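Here is a friendly briefing on the side-chain contacts in the model below. Have the viewer open as you read.

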Amino acid sequence: MRREDVSLTVNGNEHEISIEPSRLLVHTLRGELGYTGTNIGCESGVCGACTVLMDGKPVKSCTLLTMQADGAEIETVEGLKTNGELHPIQEGFSQEHGLQCGYCTPGMMMTAVDLLKQNPDPTREEIRDGLEGNLCRCTGYQNIVNAVESAAEKMHSGGSHE
Amino acid sequence: MSETAPAGKYFGKTVERKEDPELITGDAGYVDDLEEPGMCHIAILRSQHGHAKINDIDTSRAEEVEGVIDVLTAEDFEAAALPTPGHIPVIWHFTDFEIPEAFWKRVIVGDRARYQGESIAVVIAEDRYTAYNARDQIHVDYEPLDAVVSPFDAMEADAPTLHDEAPDNVVFDWEEGDAEATDEQFEAADHTFSVELPSQRILPTSIETRGALATYSGSSGKLELQMTSQNPHLHRSLLSRVLDYPEHKIQVVAPDVGGGFGSKIYHYADEAITAWLAMYLERPVKWIAPRSEASQTDAHGRGLAQEGELAIDDDGTVRAVRVTGHVDLGAYVSCLLPALPTDEYWGVLSGPYDLNAAHCRIRGVLTNAAPVDAYRGANLTDATHLLERLMKTAATELGIDPVEIRRRNFISADEFPFETVTGMLYDSGDYEPALDRALEMVDYEALRGRQAKLREEGRYLGIGVASFIEMSGLGPSAICGMLGAQSGYWENSTIRVHPSGTVTAFCGTSGHGQGHETTFAQIVADKLGVPYDDVEVVEGDTDQIAHGQGTYASRSGPVGGGAVARGADKVVEKGRKIAAHQLEVQLEDIDFEDGAFAVTGAPDRSMTIQEIAAEAYLGHDLPDEMEPGLEETSFYDPENLTFPFGTHIAVVEIDPATGELEFVRYVGVDDCGEQINPQIVEGQVQGGVAQGIGQARSEAAVYDDRGNIRTATLLDYGLPKTNTVPELELDSTVTPSPHNPIGVKGVGEAGTLAAPPAVVNAVVDALEPFGIDHVNMPVTDEVIWTAIQESETGPGGES
């Protein structure tokens, strides 16, 4: 079986791997590299549970081949916590009860991290529009919006992750 | 607060969820995150047709694919030395009619497929990609048969027959209530109104699909199945029956579970296949459902077509309700299905209202579609929708305000406990304050004024009111047994105080997002007077937890919480005996408060529960005949069901030119009795409302005439999104339940019941000027636009 060499930097860790050209990025992250925090919900790019940041931009890793990410910097949920400190977005989700089963949460948080990077002070409507590519079946979304709002406030007030 | 559940240090408070740290860091372990040494993967070939004869299955090309371990068909399962997996049992029959095994789901079929997605063959490979690639190499010689996807078409004389045992495709014809008394009420009534609601199916759609990882040790005979489960002990029992394998050699574990909404209650073919293959190969086997397969095979929800009538007098007094229903069973009868559109549905068919009579007749009809079973709110949602649509229709026709008509028919607060015409004993209730609070929040009078004013400007505001009753907290066991249940509906909890005084609560419920680790710990911490951080809750493992019934039907709070509270009370009683013995006083002279056992009137003579725990394990100085250790178990069977209630009001504006709907307000007031954790209660209501809005606005599992599912991916199935669910304004009243020790009622399904009629009534209310008195779910913008086009005053109408 044909395999290709790919190099990926995930949460700052460099990985040189040899994979089948057909392997999706999400399966490589989860199966080959052990970053299982990124989840799979639909395999069609709709639910967003597999969202990671690639070179700083959110991508749905079930719609990308691993080879398309060759040389890229990937950030996953495992990279949000730094030096033992939760990211404000993680604190927001927990404090505002922005999760129930938690399955969509990693993808939701990665999208939210990017959203706040693009727009540090979003309105609730902007948050709702910004997260429409991430489906959650548990929360009804309201507390997720609250979580992102709360994270934005924290980051404004000098959080360490700005 | 009631005497049954005094507000505590933790009970009744919002505290940080114990579940969250691992879920927000990626440390969670869902089934697909788990691995076992030597694990292989399977891909299941499923019928492409809704209905087809299978003439031949050629697996030879698939077997040649590099990395494929084996390819099995029904024939291979039958030829194996292991017993062939049996049918999936129906575990709720009727009192006078057992569902024959002929209608039970099959694990794998080799001769004929009756719905798209039915299992035909399995590929086992070293790698998931290989398994799926090889699956595509299997050639099946199908002979397509005529399919039928509507329960009404299935009852036609020339319809294809799904099972020879039901030539007319009708599996059951069920009746409840007093037909004669109901007829008399209808004859005596000033008015009767009717509404017809079709059999919309819903996909439960947990974002995590179903999956399983099975391991088997040939030497010990131990079979372990880690799976997406809402009730591991039930799955163990069913698996034991299906595989004909001893229950004590099976361990079922639900690791972190990514939502369920009912779909992870029942037993399916796929998990049985995975377990069987682990035994067959003596290798760990993993199966994960791709989304399109989940949509084809997860039990769908609802499927009940209803024709309902209301008998009502001029003054708005409702006399009776009468229903004829047809439930679209799908191709087989799923595990719990018989209970849902019948006993459960019937139980709340009088809603929060005091009626004189009711009657319903429900026929269960086979179709070439996936089987249906419980999904959040089960068919309670259908009863609520029917009743609230009838109330809206009656209010409009009689010229009575929709709020007033409900108020006039509510059961009064002083009538509880209240026996309904459907034979339920409502525990407690006070419906008007919840209604009043909702009206106050939405400023109802002003809103009606605004609606009138906007109509003059050609703008169409709609106000939809829905009051509801939820039936929660299954059991009690004996009553469920009388209704045909094949299992008990108690709950089990063991409270183990460790020698150091920290505590583990082992619970037979099995949470999947609801926050049990948090809420049960709150109960235990208060009962034992120990810090919240000193309590750990363990669920979801049949080897760790003695027994349990699992999590569904909003039973975890009232029944699971009841078991936890009872177990903790027993611990305190044992501790009291030890304290009395060691402090050398009579038992009745020991007071227990805030974790300390003290002599009455001499608070300095006391022992902490931590000290008692140490003594209990030390065992040097215990009362005569007392066994060492500090651990107690409760098999708690509730006194009765609980009946949460509330009123939700949706306010929408519709653009008549485009049919577009915009939510203006959504207000909900719920009463679920005592609240263990208000933030979690509100979260449950929010999630439920979103699911209800989904059903109202965009969700429907659709089949074409050949039995092909047209909504198999999330590209074509309308799940609610962040920007399609409005801001919800929620509040609550608190009427404790006397039916369990902590006064809680359960809240998981409330929003799912309330939102569909609130939204649909709002749409109908908005469209009243067009002469539109009904719309079917899902009420998409297109449905609204079409209704306006076809209305009397619309562009396509006469005037």
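Over all chains, the count comes to 49 salt bridges, a salt bridge being a side-chain nitrogen of Lys or Arg within 4 Å of a carboxyl oxygen of Asp or Glu. This is a predicted model, in which local features need pLDDT of at least 70 and side-chain atom pairs count only at pLDDT 80 or more, while totals for chains, interfaces and linings use all residues. Residues are numbered from 1 along each chain as its sequence is written, chains are lettered from A and ligands numbered from 1 in the order in which they are written, and side-chain values use heavy atoms, with hydrogens and water left out.

**Salt bridges within chain B**

- Arg283(B) pairs with Glu126(B), with 2.9 Å between the closest N and O atoms. The two are 157 residues apart: Arg283(B) is in the loop between helix H8 (269-281) and strand S13 (285-288), and Glu126(B) is in the loop between strand S5 (119-125) and H4. Helices (H or I, at least four residues) and strands (E, at least two) are DSSP runs, numbered from the N terminus.
- Arg283(B) is partly exposed at 22% relative accessibility, and Glu126(B) is partly exposed at 43%. Here buried means under 20% relative accessible area, exposed over 50%, and partly exposed in between (1.4 Å probe, protein chains only).
- Asp328(B) and Arg201(B) form a salt bridge at 2.8 Å, N to O. Asp328(B) lies in strand S16 (residues 318-330) and Arg201(B) in strand S9 (residues 201-202), so the pair ties together parts 127 residues apart in sequence.
- Asp328(B) counts as buried at 2% relative accessibility, and Arg201(B) counts as buried at 3%.
- Glu768(B) and Arg455(B) also form a salt bridge, their closest N and O atoms being 3.7 Å apart. This pair spans 313 residues, from the loop between helix H20 (750-766) and helix H21 (781-790) to helix H14 (residues 444-456).
- Shared partners join Arg46(B), Arg135(B), Arg210(B), Asp270(B), Glu271(B), Glu293(B) and Asp298(B) into one salt-bridge network.

**Between chain B and chain A**

- The contact (heavy atoms within 4.5 Å) takes 50 residues from chain B and 49 residues from chain A.
- About 4200 Å² is buried between the chains, with carbon and sulfur atoms giving 50%; buried area is the accessible area (1.4 Å probe) that two parts lose on being put together, summed over both.
- Ile24(B), Tyr129(B) and Thr722(B) supply 19% of the area that chain B buries against chain A, more than any other three residues.
- There are 7 salt bridges between the two chains; Arg124(A) and Glu727(B) meet in a salt bridge at 2.9 Å, N to O.

**Aromatic rings**

- The count is 20 aromatic pairs over all chains. Rings of Phe, Tyr and Trp (its six-membered ring) pair if their centres lie within 6.5 Å; planes under 30 degrees apart count as stacked, over 60 as edge-to-face and the rest as tilted.
- Tyr426(B) and Phe643(B) form a tilted pair, 4.6 Å centre to centre with 40° between the planes. Both Tyr426(B) and Phe643(B) are buried.
- Lys18(B) lies over the face of Tyr532(B), 4.2 Å from the ring centre. For such a contact, NZ of Lys or CZ of Arg is within 6 Å of the ring centre and within 35 degrees of the ring normal.
- The charged end of Arg555(B) sits over the ring of Tyr552(B), 5.6 Å from its centre.
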